[in-house]
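Have a look at the model, then read on.

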Amino acid sequence: MHYLWLLVCAVGLFLYTVWSSYFARNPLDNIPGPLRQHWCTGNLNQIFAQYAWDFHKMLAERYGPVSKFYGLFGARELYVFDPKAMYHILAKDQDTFEVTPAFLATSKVLFGDGLLSTSGEHHRKQRKLLNPAFSISHVRNMVPAFLQVMNCLRDGIAAQVKHGPREINMLEWLNRTALELVGQSGLGYSFDCLKEGYVNPYSAAVKNLVPTILKVRFIVRIFPWKALKEVCGIVDDMDEASMKVFEEKKPALSAGDDAVLHQVGEGKDIMSILLRANMDASAEDRLPDSELVAQMSTLVFTATHTTAGALALNDIVLPFSRPIKGNDGTYMREVLVPKNTNVIVSILNSNRDPETWGDDALQCKPERWLSPLPQSVVDAEIPGVYSHLMTFIGGGRACIGFKFSELEMKIVLCKLVQTFRFTPTKEIDWTTQVSSPNVKGPEDAKWQLPPRAEMISDCCVQC
C-alpha cells in the first residue's frame, strides 16, 4: 500500500509538471522564440547539439537578444545576450540568478567543493581567499615558468619536424601544454615533460572528462552505463593526482622557504600562495583541506572551460537595453522571470552582435582593438571582465584566472609563430559545446587539429 501511494504521488507530480508547462499561463509566453522540437526535450537537443552553430545564429538573427526556448516537458527557458539583461543576471541580481543545482551537483561530484560547485556566501568566501593568487603582480611572477614550459613545447615539436615538414596534431600538443602551464604555475607540479609518446594519467583524465560527460547529457536517453563508468574512473584519477600534489606541498610550506624553493614553481605558484594565505587567514575565513584539494581539479578544468547558465531563484523583473517585440505585437522593455526558470547567457552571440560591434561583427579582425572601438561598443556596457567581451563572463562568477589565460595565449603564440610555419591541410569543424576542433567527417571522430608544421627559425629564438 505504501508503494502505491508513492506511485500515485509520483504520477501526480508528473501530471502537474506537464500541466503547468503546457497549459498554465507563463509570463514568458509573450517572448518570441522557436517552436519546441520534441514534446519531452523541447529545444535542448538543438541548443546543445555538437554542431549547433546554425541554431544559435538563427536564434540571434530571427528573435534578437532575448528569446524563449523550451526545456524538459515544455518548461519555458530564456536565451539572453542583451547587455543590460546580462548585467542583471551576472552582477546586480546575481544572488537571484544562481548557477543551476544540476551544474553545482555535477561539479561537486567531479571536483569536490571547489569554486565551480559552491554558491552564495560559500562561493564568495572561497573567491576572497583565491583572488590575491590571481593578481597581476603574482601572474607576472609566472612568466619564467611559462617560458620554460614553452621552450619544452617548442623543442618537442621541433624534434618531430627536424627532417622536414610534417602533419602534427596541434590540439594534443596544446592541451598538454595548457595542463603543464597550469600545473607548474598553478599547482607547483609538473605533469608532463612534453616529449612525444609520453602520457600522464592526470592529463588523459582532464582531456577525456568533457567528451565523456557529453555522452550522458540527457537522462531521457538510454542510460549509458559504460560512459558513467568512464566518468567515475576519470574522477578517481583526478582526485588521486590532486591529493598527491597537496600532500607534497603542504609539508614543504610548513617546513619553511628553503623546502619550498626546491619544489616546482619555487613557491610562486597559485596553490602555494593559496595555502600560505589559508594558513594566515582567520578561523572563520580559513578553508578545510578538502576544499583546498578541490580547488586543484577546479583550477585545471577551468583553465580550458567556461560556462554561462543561471537559474532564477525567485520571481524577478529582468530589464532590457532595448525593447523587443512580443508575440502579441507590443514592445517589451522588461519581463517577469518566474522562479525556477533556466537562463542561458549566450557568450557567442554577445561577442558578435552587429547591434554592438557593427556590420563586420562576424569578421575576424584583431586590428579593431588597435584603434578606438565604435561608440556603440562603449555605450552597450557589456558586463564582461575583459575588453567588452563575454569570453570570461562577468560578475561574481567571472573567470578568476583570465589574466593567467591571457598571458598563456600571448606566450604560446609568441614562441610558436617565431619558430614554425603552420599550413592548414584539412577542413576543420568546431564543436559548439566545448569549442574544440575536429577534421570534418563523422561526429564521433577524435578531436584533432592537424596542420602541417615546418621550421622557419632556429630553436634558440627567444620571445
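R166 has A453 in β12 as its bridge partner. The model is predicted, with local features needing pLDDT of at least 70 and side-chain atom pairs 80 or more, while totals for chains, interfaces and linings use all residues. Residues are numbered from 1 along each chain as its sequence is written, and side-chain values use heavy atoms, leaving out hydrogens and water.

**The sheet**
- β4 and β12 (residues 452–455) run antiparallel and are joined by two bridges; strands here are DSSP runs of E, at least two residues, and helices are runs of H or I, at least four, numbered from the N terminus.
- The open sheet has three strands in the order β4-β12-β9, with antiparallel pairing (a pair needs at least two DSSP bridges).
- At the edges sit β4 (166–167) and β9 (420–423), each pairing on one side only.

**Helices on the sheet**
- α8 packs on the sheet and touches β4, β9 and β12, its direction making about 70° with that of β9; contact means heavy atoms within 4.5 Å.
- α18 (residues 402–419) lies across β9 and β12 and runs at about 90° to β9.
- Angles run from 0 to 180 degrees between N-to-C directions, and axes are lines fitted to C-alpha atoms, for helices over the stretch in contact.

**α8 against α9**
- α8 (residues 143–161) and α9 (residues 170–187) pack at about 155°, with axes 9 Å apart.
- The two helices, α8 and α9, are therefore roughly antiparallel (over 145 degrees).
- Among the residues making this contact are F146 and L153 of α8 and W173 and L181 of α9.

Methods: Parallel < 35°, antiparallel > 145°, perpendicular 65-115°, else oblique.
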